[in-house]
Amino acid sequence: ASFTVSLHKVDNTTVTIKLRPGVSSSCRIRVKNFIMSDLKIKPGENVTFAFTCITPEKYFVMEIQKNIDCVSGPCPFGDVHLYPPGLPRLNRTYTWDVKASTKAGLELKFSTPWLRQIEPGETCPDSISYNINSSVDGATVNIGTFCRNGSVSRVKLLGGVVMSLHLPWHSLLTTSGFNIANRSSIKRLCIIESTLKGESSITLMSPNYPLGFPEDELMTWQFVIPSNMRASVFFHNYSLSNCERKEERVEYYIPGSPSNPEVFKLSDSQPANIAGSFNMSLQGCDQDAQNPGILRLLFQVIVQPPQVDENVTHVVDLSKEKNMTVTIHLEGWPSLISLMSEPICLICKDPRTCDRALTLVSGAVYRISFLCKDLSRLRITAEKGIGCMDIRWCQRKIYSLSVPKVITRLPIQLHKFIWKLLATDLINIEITSPSLKLQQHVPEQRCNTSYSYSIVSATPETELNVGVFCPGGSIEKIQMRNNITISLKTFGKGFINGSVPQDLKMSFVPHIKDECTFTVSPNPKAKVYLQTPNWPYGLPPYVSISWFIVMPSKQTARLGFSKDRMGIACETGRAYVNVKEEAPGAEETVRREDELLPQPRNMHHNFWVNISNCKPVDRTQLTLQFWVTFADKQIDLGIILAVVAGAGVLTAIGLTVCCVKKKKKKTQNPMVGVYNANVNTQMPGKKGFFGKGRQNNESHVYAVIDDAVVYGHLLKESNGSVAPEVDVYRPFDGPVGSLPPSPPPFSFRKDIKRSSNPEEELPPLMDADQDNYTFAHQKLGQSKNSGDANEKDKGDTSMPLLENRDGLME
């Protein structure tokens, strides 16, 4: 097909067809008998041409530029047409270059559905876009790129305008969508009018975004909003330039305000809940020539109807609280930072100061209100700090870790309450739950309450996740050596209703031995599961954890581990599991990482379980779980019979000895001689003293033994006090205190590891190891060393003057 383009000279329009950048093709343009790769048709020319392929839109683009002179001649007000007609269907760009005096600004008016500003690099859904540039004294400023279907209804610019419309080859658009309305002086870079008819949200950017707003310039956004709606402004992305004179600022003209213009810094919270139309202006400054910096702004305006309960205030009295912050926010905050395309919930601390997140600090009283249709989308996150630097002032104090009623009374769901407990190195923290006790959340016993506690112990080097706990368990007390963070997290509305009360206390205590010690007092009918902290990632190296199990009255406990071995290999030191009852003479059970864990066993007294980690050779860490069940104590019939038999034996022995002694007194017989053929009568080292050998020497055939010694073995068997014939491991038989059992010190563990011959390793139960062992006191993570407003420029002193002078709010 051939195309004919006829351009009138008075239209001052040029059409250029050229290959798309980066495309090489055999497709060409044929004009008469000439083949060419591009074609330029100038004003006054009439050209007929054709393409040598049937899909020229794949290879060619077209540019149509029209120059309009509004300086030396009359300005063609009215609709701007897509000229000339009959062009081939190619991707095309229409450009209107309008020359105008800086004393007479041009106004571009867009037909519905108006325009929507987009960020650089963003594309329009229908691939139709507008680009508006201002030309002042030869300098070009990019006002912005826009798609159709938005709120921008008019743009007024100082000086000339370069307006571009980009259309895809398949577009059926036949009109430009805008007209040149009039021209009048505005004395600022531009004015952008945004008309919002109802509930909506729009995003706008400063000119030249993100490269930087021109130096010492002034521009205005004019928002036309129905009087029955409310508007709020939020700055999402901005930066400031380096000012030599004046100050960058934002000014608002709000009808009915007693202090127009209202001046704000870009870092301030911007006005919210504005009734009706208003203007917002951005003022630059004189920049440092050596280091100018960049002034830019991306902001959002949200329009929504007034809420039924916007005049209902809620008093939040934090005047008696210390070191506490309360943040009310939208669900998903702070990860939810994307620009919302719909109206959202706003929290206001006064009628004009509202935001999607509001933070209240202790020591003050607040009266807040909500601009929100659905309060269930809002959440509360609070944080409180408790510290102790001197144990003399803190040791006897008991702090209640409960959520203040001032928070639970708000009609907002509590998401999380965080306590940060801080202490010096020699002061530790004790957590108790006297009435409810705590249950550790484990796969076999999951928490199903309306809230739970997450406890994390931390030093600057290492963090130890102690675990997740909920009320209604067996753990009475948790003692930890480091700074602690306790996070109460709620599930559903049960917490607000108070279905499960809070019962968590905290106090500061002197230094403890292990990283963490649990005191567990189970219900006699319960089966308790306990597991090592940092589950499932494992204990950090060289960390020691202890559990003290308090036996219920008249009960016997059964202790068992959930697996047979620890499942690790040590690079440095040894890992140990120690189990010991708190009773005089109780035997201590010790297992290393290369040994089988103890089989299920019965415990008759309160007992300790200690787990100490080494430095594993690979990434596999120590994770252990054990369980405890209870049964009523029973008297064993065999034991009773044994006791009775033992008593009978003792009686018989006593009678026998007594009779023998009486007989001895009566008969006065000489000492009894008992033949003992196994007695060696030859003294060591004295060979040759007797001339005869042992067989022939009968001088010491009889050994004289006292009769008490004859029966002595019976007495020894009766009281069980026979001393061992060889030296063996003896467990500690002295008084037992409240400290957990102790594995060998780390130095001993390292010596064992360095032995190249396994037979030379000292087993943990030999006499050579009978030092007074204690746990390493190494602290967790120490495996290593350890507006005012400035004067407005260019004569604009207030926005009412802007109304009269610029004519945009008639």
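Okay, so one definition to start: when I say buried, I mean under 20% relative accessible area. Cys-516 comes out at 0% relative accessibility, so Cys-516 counts as buried. And Cys-190 is also at 0%, so Cys-190 goes in as buried too. Keep in mind throughout that this is a predicted model.

Let me stay with cysteines for a bit. How many disulfides does a search of the whole structure find? Nine. I'll walk through a few of them.

Take the one that joins Cys-70 to Cys-75, with the sulfurs 2.0 Å apart. The link is right-handed, with 65° about the S-S bond. On burial, Cys-70 has 2% relative accessibility, so Cys-70 counts as buried, and Cys-75, with a relative accessible area of 9%, is buried as well.

Next up, Cys-388 and Cys-394 are joined by a disulfide, S to S 2.1 Å. This link is right-handed, with 105° about the S-S bond. Both ends, Cys-388 and Cys-394, are buried.

Then there's the disulfide between Cys-447 and Cys-470, S to S 2.1 Å. Is that one left-handed or right-handed? The torsion about the S-S bond is about -85°, so the Cys-447 to Cys-470 disulfide is left-handed. What I like here is that the pair links distant parts of the chain, 23 residues apart: Cys-447 sits in the loop between strand E38 (438-440) and strand E39 (451-458), while Cys-470 is in strand E40 (residues 463-471). Cys-470 is at 1% relative accessibility, so Cys-470 counts as buried.

Right, moving on to a sheet. There's an open one of four strands, in the order E45-E54-E47-E51, with antiparallel pairing. Which strands are at the edges? Those are strand E45 (528-531) and strand E51 (601-603), each pairing on one side only. From one strand to the next, the twist averages 30°. If you zoom in on E45 and strand E54 (residues 625-632), the two pair in the antiparallel sense over four bridges. For Tyr-529, the bridge partner in E54 is Trp-627.

Last stop, the largest cavity, which has a volume of about 40 Å³. The residues lining the largest cavity are Thr-13, Ile-64, Lys-66, His-81, Tyr-83, Tyr-94 and Trp-96. Strand E7 (60-69) and strand E9 (91-99) are the elements that give two or more residues to that lining. By class, the lining has four nonpolar, two polar and one charged residues.

That's my tour, so over to you.

Key:
Residues are numbered from 1 along each chain as its sequence is written. This is a predicted model: local features need pLDDT of at least 70, side-chain atom pairs count only at pLDDT 80 or more; totals for chains, interfaces and linings use all residues. Side-chain values use heavy atoms; hydrogens and water are left out. On a 1 Å grid over the protein atoms alone, a cavity is a set of points where a 1.4 Å probe fits but cannot get out, and a pocket is an open set with protein on both sides within 12 Å along at least five of seven lines; lining residues have an atom within 4 Å of a point. Grid points are joined across faces, edges and corners, and a volume is the space filled by probe spheres set on the points. Ala, Val, Leu, Ile, Met, Phe, Trp, Tyr, Cys and Pro count as nonpolar, Asp, Glu, Lys and Arg as charged, and the others, Gly among them, as polar. Two strands pair if DSSP finds at least two bridges between them. Axes are lines fitted to C-alpha atoms, for helices over the stretch in contact, and angles run from 0 to 180 degrees between N-to-C directions. A disulfide is a pair of cysteine sulfur atoms within 2.5 Å. Buried means under 20% relative accessible area, exposed over 50%, partly exposed in between (1.4 Å probe, protein chains only).
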